[in-house]
Protein chains: 2
Amino acid sequence: MTSDRGQLFVLSAPSGAGKDALLYHVLRACPDLKKCVTVTTRQQRQGEVDGVDYRFVTPQQFEDLRSADALLEWAEVFGNFYGTPRQWVLDQLAEGNTVILKIDVQGGQAVKSLYPESVLVFVAPPSVEEQERRLRERQTESEQDLSLRLSEAAREMAAMPEYDYVVVNDDLAHASDLVRCIVRAEGCRVRPPRKG
Amino acid sequence: MTSDRGQLFVLSAPSGAGKDALLYHVLRACPDLKKCVTVTTRQQRQGEVDGVDYRFVTPQQFEDLRSADALLEWAEVFGNFYGTPRQWVLDQLAEGNTVILKIDVQGGQAVKSLYPESVLVFVAPPSVEEQERRLRERQTESEQDLSLRLSEAAREMAAMPEYDYVVVNDDLAHASDLVRCIVRAEGCRVRPPRKG
């Protein structure tokens, strides 16, 4: 569906790979990229702006969106729900814009099965140790949450081969340059003629 | 064959698309890229350095290389022969280096059929008018040569869909950034597991 229109990119990462900071840098380097604001039921963290970082909703509001088929994909992660507003994405693509979704690993695979032409980018932590250090630094989770996230992260790493690209987030400037390169390169790709 | 080793890039363009100047800029931006020196029987142009821009050989020397199977691909273009030294490319890839070949459109397709994992980049002129202007500016060809090159260029443009990427050479800085991005992005690509 994206053949003659905008391109759809998905940025996914296990917890602690540093995808939020990375995306921030990528958006500065690619001002034409449109970032989708995820709908979530999770608690707003300090510094987060509603409607910019996430759209914070109640579980009931989320359920309403879901039953109205208003979410392109959704997932439950550690008891919280996250979803991608379908109409916003479709509108952006129809306008020929390049869209980037920041979603979890299961969501990435869901988008790929819906839109095979979407481009999936997996952000990998430089090492397991660094990943744990970053999660501890965040200080927003209890020790139990942390342990859950770490085991989930290990499981998520296994999804890497399903992705189109892997960027190791060793250094923010380097990693964001690579994501920018992926976006620019995909813009030059010769696409096979549309079928049907 | 390139799975666990270096990557092979091919830069092709019809005459007058400006691929020489573009490659010069790309090599400055990607100092790790290894440029293959093409063997040719064509006359050395002013400013060209033997062994750097091309390796200039006699028709007999070329024929010897060809019959010794020392050329990865070769082609005759306007009565001159051009070939890619096979061993040099294999050695570079075995060392894990990223190699770029500047070859004509038919040569690009030959490399792709030999090495399906190679990445083909087609450099397109911004317009037919600009292409003709560049060819005239070069002042190294007679009017008859020019006319031949222009009709050949039109034929070569038809090969574009066989390439992986197309970069329009409208502005050198912009186009060379895009080629650099393609090289960097391909370095992040998740490759399917090797067969056999």
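This is a predicted model: local features need pLDDT of at least 70, side-chain atom pairs count only at pLDDT 80 or more; totals for chains, interfaces and linings use all residues.
1. A polar contact is a pair of N or O atoms within 3.5 Å; within protein, one atom must be able to donate a hydrogen and the other to accept it, and residues adjacent in sequence count only if both atoms are side-chain atoms. By this rule, the side chains of B:Lys102 and B:Tyr54 are joined by a polar contact of 3.5 Å. The side chain of B:Lys102 also makes a polar contact, of 2.4 Å, with the side chain of B:Asp20.

2. Residues are numbered from 1 along each chain as its sequence is written, chains are lettered from A and ligands numbered from 1 in the order in which they are written, and side-chain values use heavy atoms, with hydrogens and water left out.

3. On the relation of the chains: two copies of a chain are related by a rotation about an axis and a shift along it. Here, chain B is superposed on chain A by a rotation of 180° with 0.0 Å of shift along the axis, and the RMSD is 0.0 Å. That is the relation of a two-fold axis. In chain B, the C-alpha nearest the axis belongs to B:Cys181, at 2.1 Å from it. The superposition is by least squares on the C-alpha atoms of residues with pLDDT of at least 70 in both copies.

4. On the interface: 100% of the interface residues of chain B are also interface residues in chain A, so the copies meet through the same surface. Contact, here and below, means heavy atoms within 4.5 Å.

5. B:Lys102 counts as buried because its relative accessibility is 10%; buried means under 20% relative accessible area, exposed over 50%, and partly exposed in between (1.4 Å probe, protein chains only). Not counting residues up to four places away in sequence, B:Lys102 touches B:Leu11, B:Lys19, B:Asp20, B:Leu23, B:Thr38 and B:Tyr54.

6. The largest pocket has a volume of about 950 Å³. Of its 37 lining residues, those closest to the centre are B:Lys19, B:Asp20, B:Arg45, B:Tyr54 and B:Lys102. Two or more lining residues come from each of helix 1 (19-29), strand 5, helix 5 (128-138) and helix 6 (143-157) of chain B, and helix 1 of chain B gives the most, with 6 residues. A pocket is an open set of points on a 1 Å grid over the protein atoms alone, where a 1.4 Å probe fits, with protein on both sides within 12 Å along at least five of seven lines; lining residues have an atom within 4 Å of a point.

7. By class, the lining of the largest pocket has 14 nonpolar, 7 polar and 16 charged residues. Ala, Val, Leu, Ile, Met, Phe, Trp, Tyr, Cys and Pro count as nonpolar, Asp, Glu, Lys and Arg as charged, and the others, Gly among them, as polar.

8. On backbone angles: most residues other than glycine have a negative phi. A:Phe78 has a positive phi, near 50°, and phi of B:Phe78 is likewise near 50°. A:Phe78 is placed in the loop between strand 5 (71-77) and strand 6 (80-85) of chain A, and is partly exposed because its relative accessibility is 32%. B:Phe78 is in the loop between strand 5 (71-77) and strand 6 (80-85) of chain B, and at 31% relative accessibility B:Phe78 is also partly exposed.

9. A:Pro14 is in the loop between strand 1 (8-12) and helix 1 (19-29) of chain A. With a relative accessible area of 1%, A:Pro14 is buried. A:Pro14 and A:Glu156 are 142 residues apart in sequence, yet their C-alpha atoms are 5.8 Å apart in space. Residues touched by A:Pro14 include A:Phe122, A:Pro125, A:Glu156 and A:Met157.

10. A:Trp88 belongs to helix 3 (residues 86-94) of chain A and is partly exposed, at 28% relative accessibility. Among the residues that A:Trp88 touches are A:Lys34, A:Cys36 and A:Val99.

Conventions
Helices (H or I, at least four residues) and strands (E, at least two) are DSSP runs, numbered from the N terminus. Grid points are joined across faces, edges and corners, and a volume is the space filled by probe spheres set on the points.
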